[in-house]
Every structure is written in C-alpha cells, then in structure tokens.
Amino acid sequence: MRPRQEATAETLAGVGLGLRAPHYQDILDNRPEVDWFEALTDNYLSDGGPALRVLDAIRGHYPISLHGVGLSLGSCDPLNQDYLDRLSRAIARFEPVAVSEHLCFTSAGGHYSHELLPLPYTEDCVRHVAARIRAVQDRLGRRLLIENVSSYVSFQDSQLSEAQFLAAVLDEADCDLLLDLNNLYVSACNHDFEVESYLDALPAQRIRQIHLAGYTDRGDHLLDSHGEPVHPPVWSLYATVVQRYGAIPSLIEWDTDIPALPTLLEEADKARYIQQRAA
Amino acid sequence: MKTLAELQGEFLAAVWRGDTRLEAALTRSPTQTAAQRLAVYRSSVLGSMIGAMADAYPVIQALTGETFFAATVGRYMAGHPSTSPDLHVYGAGFAQFLSRFEPARDLPYLPDIARLEWAWHRAFHAADQSPQDLSQLAALSPAQQASLRLRLAPGLVVIRSVYPILEIWQANRSEPGRAAAISLDQGGVQLIVSRPGTAPEVHAVDAQTAQFLDRAAAGATLGELAATCPEATAGLAGLVQRAWIIGFKANESKPTSGPA
C-alpha cells in the first residue's frame, strides 16, 4: 500500500472526496485510501438521526472537512443565528480540518432559494459580504474557506471583475479561498473571460483548497452539474494551478447520477498523478 | 441603481416563481437572453425542491406519478416559500395543501398519507433518544406517581385516518401500484411514528393508546391518564418497551403545547 500523505487535525493534504450517502457503507466496510472526506454541512445539522452517527464513524477513520451551502453570506438578511448555532455544534462534534462556504447569497426577505445565487461585483458588496464573513469567523472562532461559485448571469451594476471581487473579499474578510476550478471554468465560458488573468488576480497564499467536478455542456452554456467526470479542460487548468502554486489539497465532488465509489477513487488518482508530476 | 437587497429580492422572486423584474438588471449576452439565463436558475431550484419533496414524500410521488407530483410541488411552492436554510424542513404544509388540491380529489387518502410521510421524515431527523432510568419509579408513593408527567420520544407523532393508510403506505414503499388492490372500506387506523433506533418505525395501535399518547404529549399527569385511558395506562410498560415513553418528569408546569 502506498503511504498516504497524512492530513492532520490542522492541515489538509493530498486528495479528498466529497462524502455522499450512497457511499457510506462502502467507506465503512472497505476504508478506501482517501486523504479526507468533505461532508456537506447542511446534511449534518439536524438534532439527531442516523446521518450524524455515520459521520461520527467516518470521522473515526478519516479527517473531515465541512462544506456548507446555507450560510447565505452575501444576503442582506440578518445572519441566521439558529444555523450558526447548529454549525457550531457540528464543528464541536466532528472537529473538521476545514470549514468552507460559498461566496453567494441563497436567501432574501427571509425566504430561501436553496440555490447558490451570484452577487453583483461592487465595492459596496465587497464590504457587505466581507463584514458578514468576519462576523461568522468571529462567531465560530475559526477561519472560513470561501468558494467561488459558477454563475449564469452577471449584473449591469458590477464594477469589478469576478476575480477582483473575490480577491477584495478575501483581503477585507481575511479569509481563505477554496478555488473551485470547475466553477471557474464554467463561469469563464459562460461570461467569456480569461482564466489566466483571473488566476493572476488571486492572492496565492490564500488558496488553501481546490475543488474539481464535472460540468454538463448545454450548447449555449455550461451547467455546473457535478454529474460527470472532471472534463479535460478542467484537468488542464488544474495542472496549470498545481504547477503554479504547488500541490494544494484537492477534492473531487460528484452530486448527480452518483457512480459507485471506485469511479470517484479513479478521479482522485488522476488528481494525485497531476500533483505528483508537478512536484 | 437598485439596492443590493432589492436585487436579491428580485432574484428570489425570479427563481422561485418566474418573476421577470430582475431581467432589466442583467447584462446582455450574445448567446442567451436574460430570461434564458434566469431559467437555468429557475430550473435548478425547481429540481432541488422537487427532489427534496420526493425525499420526504416518496409514496405520494409513487401514488400520483412523477409528472403529476412535480407539477403539484410547483403549485405548492407558489404559496409556500421556504423559510429555513434546512431543506429537510420544507414541505410541512403539504398534507393540508393536498386536502384542498382539486386535481388530487380522486385520491381522498392522499393528505393522510402525506401526514404519515412527513412524520416519518421528521422522525428520521429527530434528536436521538436518551431513555431515562425508570427503576427509581418504584420508590415513589402512589400519590407521587399519579402526579408524574410522561416524556415522549423526540419526534413521536400520533396519526389517525379513516383510510387504511398503513397498508397503502407499506404497499407503495415496496411495490408501487399495489394500492389498487386495497379496499378503502376496511376502516381507519391509528398510527404511531417514532424512531427508537436508526430507522423510523410505524405501528398501528388501538384508539385508546393513541388517545393516551396524545394526552401525555399535551401534559396530562399519570393520574389523569389512568382516569381517562385506564387500559392504555395499565399497558404503560409496553409503551416504555416500544420506546414511545422514554421518561417521567415530576412537578413541572403543564407545557403550553405538545408535539405536533
């Protein structure tokens, strides 16, 4: 067995997989060689139930990161205190190596869309979302990783490029970046911007994790479906990023038409190969 | 220039109910209109909500078919915004909605099935049970015992229906379509939904046991329960065995409301 790059309580390393319910049993029975599992925070915020116990069991064998969709960091609604309480309890229970959320809003006027909706790229919005990220970091007592989302619309009000907006938020909130390369590629195609200049605008020292997933080509746009293997242009972008910034901890996500675990392990092996080739 | 809150409100209205106000605030694209771009979000939101409702209401979906179910969820969404980031709590009002939903009136048992499925869904996510040590009970005097109130399992729900919903529910969880062979005239049922271990369980009980658990949930003392539901009270040990009753509390004020 190849020695595993150890992820520790403090830092992630290597290549992780997004934890999905259809794989619970396989993971517990066969303990695949995976550097860490990323659990979708929102599935583990209930008062009790079997999902929490499964995650306890998996946490016994692997480092865990928590990846959320419900904080609605960019919203103009007050931060949801019940959600923050539940998130705090989940952090205390599962001791995640990293806690991440999306740079987006999901709610307005007290109503939730359950969708990662993009923000206008304005200076006002930078200040707004950065203040909320700081408030959450203070409340949780730890740094957040913020992920760039894929998007299908852009706003006439935007004054900054997406990369400028992202960099400004990271700086003003003093948080880290979870760079989703599939989202970056999807948005670059949908909005016709250059990936290279996007990367140039990012603060390298804040890129702490990478996400990889598959999109679906809908002809007139790319859909961030997470239902296919990682596509060649995204692997190529990954190789560029790894050569430029080193073997940043990287994670494979798959959410629709979820295949058996071995398919995901093969995807993780491809990412490891790219990491090792760049080393 | 709209405020951020206005933009976000319009975005929510666009993805939830197809409102078009946001279109004017979006940039033009050579390949897609603003409406087409928003439709990507709208379709994703519909897909998530239909998926979440199908997770909570798989038997309603089996009974009505995927197309009818999806359209019904769309109609439900129009009058029911999601008010929590937790997707698992969306759909609480579906039974009541179905009871007034004209296109579903040929399936009169549908609202009761929905109540059963919602109870099962909530029990799945309910707090884990921590049964109390009941041995101390024997040391209490009869008067002390009569003043005790009961602690019910978290997530326990009592459901009554004039239809044989347990049979319909069981048949459509395992073999969708078999419900046609179930006679609706065979009478109603009282069900207890709870999660004693890993998986939620559904059990049929007699009317007095259902009444006992309802009153216990509403805060009746053991003495009051013995007076109104004597047989069920005599069978208390069995209810503890089932983990429907998980403890006792002494000398507390009556709760203002029991579990739904």
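What radius of gyration does chain A have, and what would a compact globule with 279 residues have? In this predicted model, chain A has a radius of gyration of 18 Å, which agrees with the value near 19 Å that a compact globule of 279 residues would have. The C-alpha trace of chain A extends over about 55 × 40 × 35 Å along its principal axes, and its secondary structure consists of nine helices and twelve strands.

Eight of the strands of chain A form a closed barrel, in the order E1-E2-E3-E4-E7-E8-E9-E12, and the pairing within this barrel is parallel. From one strand to the next, the twist averages 30°. Strand E9 (residues 207-212) and strand E12 (residues 250-252) of chain A are joined in the parallel sense by three bridges, and within this pair A:Ile210 has A:Ser250 of E12(A) as its bridge partner.

The crossing of H8(A) and H9(A) is right-handed. To this contact H8(A) contributes A:Trp235, A:Tyr238, A:Ala239, A:Val242 and A:Gln243, while H9(A) contributes A:Lys270, A:Ala271, A:Ile274, A:Gln275 and A:Ala278; by class, the residues of the contact comprise seven nonpolar, two polar and one charged.

Chain B, in turn, has a secondary structure of twelve helices and five strands. Its radius of gyration is 23 Å, well over the 18 Å given by the globule rule for 260 residues, so chain B is more spread out than a compact globule. Along the principal axes, the C-alpha trace of chain B spans about 80 × 50 × 30 Å.

Three strands of chain B make up an open sheet with antiparallel pairing, in the order E2-E3-E4. Because strand E2 (157-161) and strand E4 (201-205) of chain B stand at the edges with a single partner strand each, one side of each is left without a neighbour in the sheet. The twist in this sheet averages 25° from one strand to the next. Strand E3 (residues 189-194) of chain B runs antiparallel to E4(B) and is joined to it by five bridges, with B:Val193 standing opposite B:Val202 of E4(B). Helix H8 (residues 165-174) of chain B lies across E2, E3 and E4 of chain B and runs at about 55° to E3(B), whereas helix H9 (residues 207-217) of chain B, which packs on the sheet and touches E2, E3 and E4 of chain B, has a direction that makes about 140° with that of E2(B).

Elsewhere in chain B, helix H1 (residues 4-17) packs against helix H2 (residues 34-56) at an angle of about 60°, with the two axes 7 Å apart, which makes H1(B) oblique to H2(B). The crossing of these two helices is right-handed. In their contact, B:Ala14, B:Val15 and B:Trp16 of H1(B) meet B:Leu38, B:Tyr41, B:Arg42 and B:Val45 of H2(B), a set that divides into six nonpolar, no polar and one charged residue.

Between the two chains, 36 residues of chain B are in contact with 36 residues of chain A. H1, H2 and helix H6 (110-125) of chain B each supply at least two residues of the side that touches chain A, and the largest share of that side, nine residues, comes from H1(B). By class, the side of chain B that touches chain A has 20 nonpolar, 13 polar and three charged residues.

Note on methods:
Residues are numbered from 1 along each chain as its sequence is written. Chains are lettered from A and ligands numbered from 1 in the order in which they are written. This is a predicted model: local features need pLDDT of at least 70, side-chain atom pairs count only at pLDDT 80 or more; totals for chains, interfaces and linings use all residues. Axes are lines fitted to C-alpha atoms, for helices over the stretch in contact, and angles run from 0 to 180 degrees between N-to-C directions. Helices (H or I, at least four residues) and strands (E, at least two) are DSSP runs, numbered from the N terminus. Angles under 35 degrees count as roughly parallel, over 145 as roughly antiparallel, 65 to 115 as roughly perpendicular and the rest as oblique. A crossing is left-handed if the near helix is turned anticlockwise from the far one by less than a right angle, and right-handed if clockwise. Two residues are in contact if their C-beta atoms, placed from the backbone, lie within 7 Å. Ala, Val, Leu, Ile, Met, Phe, Trp, Tyr, Cys and Pro count as nonpolar, Asp, Glu, Lys and Arg as charged, and the others, Gly among them, as polar. Two strands pair if DSSP finds at least two bridges between them. The radius of gyration is taken over C-alpha atoms; the globule rule is 2.2 Å times the number of residues to the power 0.38.
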